[in-house]
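Take a look at the model below.

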Amino acid sequence: MFESRSGLIRSEVHRGSYQSRGPSSVIQEQPPIPTQRIYLVTSARRDFGSFHSSNVQELLGTAKTRNYIPPSLPFDLPQFLYGNGNTPPFGQEMRKKHFLLEEATTFINHGAFGCTLKDALDVAQKWQVYIEQQPLRFYDRELFPHLVFVTKRLAEFVGCSPTDLVLIPNVTMAMNCVIKSQVLKPGDTVFMLNVTYGAVKKLLKQVCDERGVTLQEESLEFPLFGPSQIITKVEESLQPGTKLAVFDHIPSNASFINPLPEIIDICHQRGTRVLIDGAHALGVMDLKLSCLGADYYTSNCHKWLCCPKGCAFLYVKPELQNCLQPLVISHGFGFGFSSEYIWTGLKDYSAFLALHTVLDFWESVGLQRVRGYIKHLMSQAVDLLVNHWKTGLLAPKEMFGSMACVQLPEYLLKDGYANYEQAEIIQNVLYHQYNIEVPVKALGGKLYVRISTHIYNELEQYQKLADAVEEMTIE
């Protein structure tokens, strides 16, 4: 028995509301890496703090059953009746109807920060207004059931149990949660490739330096000739017993799709846990997280899925959830994986709640149709640029999804070798003189544009890029 902050005495232990807890109320002994904690999960209405609906683990357990009844929404959501062939054409019409992008800009850089679905932004703002009409009722009694409902829907979308997934503001925070939770000591090794996202490299270096751990960075040579080149690199360089390997599903700079199943298999054969940075994957890739095999996986909902900014998720295998240490310790600490992340203090939860509308849109338009258009437009755009500039790609076309790196003409190189400063100059010229929003990358001594394709893009925009580059000179 113990007393909560609200003064409610709890002595009844709820069984079966949280996976992998064992038959008793106390968590069974797990391997010592990382550190374990003990949770007490109750069937009382309040589990933590003074919230009247904080029995999060119980709610999530119910959400997995056929008897689950979702909470009613305070207002009507947009209806997308696109199942009968009446979807607006992809390209300009889709942009005008469902996005807020200004017409004057050639926006082919969705990969940077995404672009929010207009309908979802409207819903997020409705949530903000609704919350302020009676804030205490919302945060005290309504918020958690609504978050459980949207967690259930997102989990179904990415192929995992709702008890294995938590909502989180962004991938950077998720990566910090996982990496800082690892029990690492001098002599241990953490593995990454040179295409790892810059912020994650800094995080890994800081953690490894602080704990006296070796950070092994292996380099891929560009251009790539195929997925086997990456698989061979990992197979030849990953040492048995490496504590953690970090990979991007789609590296931000290089934008190819990593062969994750083969990489994950190699890591697990050598006793290495795997963390996947999937920031660019959700919406583009058909995720089945329970089958993929990664120990940890995180992705942004506000990138390719087009949710309002500040919405992402973290998936953790059930047997590792007790080992994770949240960055923010708040009321839910000690009450289960989901409880520890669902409330990290007062903030705007409207982006999470707008996920319903985003998922409704994707499902109505058709996931395969959306991905098919993005892939086909990418193929067309790549062929157009390569033919115009007489250049090549960073990797085979088949390795790209919604982004691709196309080499710029050699005459734009200064002194025959590309660097960051040259790339920045060209990107700024494209932006200021041609109003084209596209990043320029310096990779392997060459310059590349990283183009993005989404359902609001069309081939004419890449023709503008081709013509603009042809007009440019070294000066």
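Which residues does N109 touch, not counting residues up to four places away in sequence? They are E437, V438, P439, R450 and S452. Touching here means contact, that is, heavy atoms within 4.5 Å.

Some ground rules come next. This is a predicted model, in which local features need pLDDT of at least 70 and side-chain atom pairs count only at pLDDT 80 or more, while totals for chains, interfaces and linings use all residues. Residues are numbered from 1 along each chain as its sequence is written, and side-chain values use heavy atoms, with hydrogens and water left out.

Back to N109. It lies in the loop between β3 (106-107) and α3 (110-113). Such elements are DSSP runs numbered from the N terminus: helices are H or I with at least four residues, strands are E with at least two. Among the residues it touches, P439 sits 330 residues away along the chain, yet the two C-alpha atoms are separated by 6.9 Å. With R450 the link is a polar contact of 2.9 Å between side chains. That term covers a pair of N or O atoms within 3.5 Å; within protein, one must be able to donate a hydrogen and the other to accept it, and residues adjacent in sequence count only if both atoms are side-chain atoms. N109 counts as buried because its relative accessibility is 7%. Buried means under 20% relative accessible area, exposed over 50%, and partly exposed in between (1.4 Å probe, protein chains only).

Now the whole chain. It has 475 residues, and 58% of them count as buried. Its secondary structure comes to 16 helices and 14 strands. Of the contacts with a separation of 6 or more, 71% join residues 24 or more positions apart.

Two helix pairs follow. Helix α1 (residues 56-63) and helix α5 (residues 135-158) have axes that come within 10 Å and cross at roughly 40°. Axes are lines fitted to C-alpha atoms, for helices over the stretch in contact, and angles run from 0 to 180 degrees between N-to-C directions. α1 and α5 are therefore oblique to each other. On the α1 side, V56, L59, L60 and A63 make the contact; on the α5 side, F144, P145, V148, T151 and K152 do.

Helix α8 (residues 227-237) packs against helix α9 (residues 260-269) at about 10°, their axes 10 Å apart. This pair is therefore roughly parallel. Angles under 35 degrees count as roughly parallel, over 145 as roughly antiparallel, 65 to 115 as roughly perpendicular and the rest as oblique. I230, I231, V234 and E235 of α8 meet E262, I263 and I266 of α9.
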